[in-house]
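Here's a quick tour of one protein model, from its overall build down to a couple of individual residues. Have a look at the structure first.

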Amino acid sequence: MSVSSFIHVNKAENDGFDLEKFNREIKKKYPGTEIEQSNSASFSYDICWENYEESYQFTLRMDKKRTTFAIEYFNSENRMKDYASFIVWLGLFLNREQELILCDENNEDTLMLSANTSVEDIEEWLEKLGI
């Protein structure tokens, strides 16, 4: 799937994001994930996680302020359910006390995420978008 989705915490900076913990957890949950960090001042998104193993393939980026995940690519055998589960899992690492927004690449459609948002809710949203 080549359509990008974004998970955004609605605040200027996310100082509480624990990058070391996230890196450990993503490698545990998705073995084979490669991490690349850029020190270029011109890049808005300075970290990229990629996994192109047999069961999952994804490209995930995070902005320098640690407020936005950009899912640039996601594919798996059970794509819709796995993609929705991936989104729920990512949301666990952002500050749940803040407003989390899931939006499509054109910022035309959004879904507010909360602790009560289910995988099925996200699957329905993705299907509505035709992703």
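## Overall build

Of the protein's 131 residues, 44% count as buried, meaning under 20% relative accessible area with a 1.4 Å probe and protein chains only, while exposed means over 50% and partly exposed falls in between. This is a predicted model, where local features need pLDDT of at least 70, side-chain atom pairs count only at pLDDT 80 or more, and totals for chains, interfaces and linings use all residues. Residues are numbered from 1 along each chain as its sequence is written, and side-chain values use heavy atoms, with hydrogens and water left out.

There are 3 helices and 7 strands (DSSP runs numbered from the N terminus: H or I of at least four residues for helices, E of at least two for strands). Along the sequence they come in the order β-α-β-β-β-β-α-β-β-α. The radius of gyration is 14 Å, close to the 14 Å from the globule rule for 131 residues, so the protein is as compact as a globular protein of that length. That radius is taken over C-alpha atoms, and the rule is 2.2 Å times the number of residues to the power 0.38. The C-alpha trace spans about 35 × 35 × 25 Å along its principal axes.

## Inside: Ile87

Ile87 sits in helix H2 (residues 79-91). Its relative accessibility is 0%, so Ile87 counts as buried. From Ile87 to Tyr73 is 14 residues in sequence and 12 Å in space, C-alpha to C-alpha.

## Outside: Glu54

Glu54 belongs to the loop between strand E3 (45-52) and strand E4 (56-63). With a relative accessible area of 79%, Glu54 is exposed.
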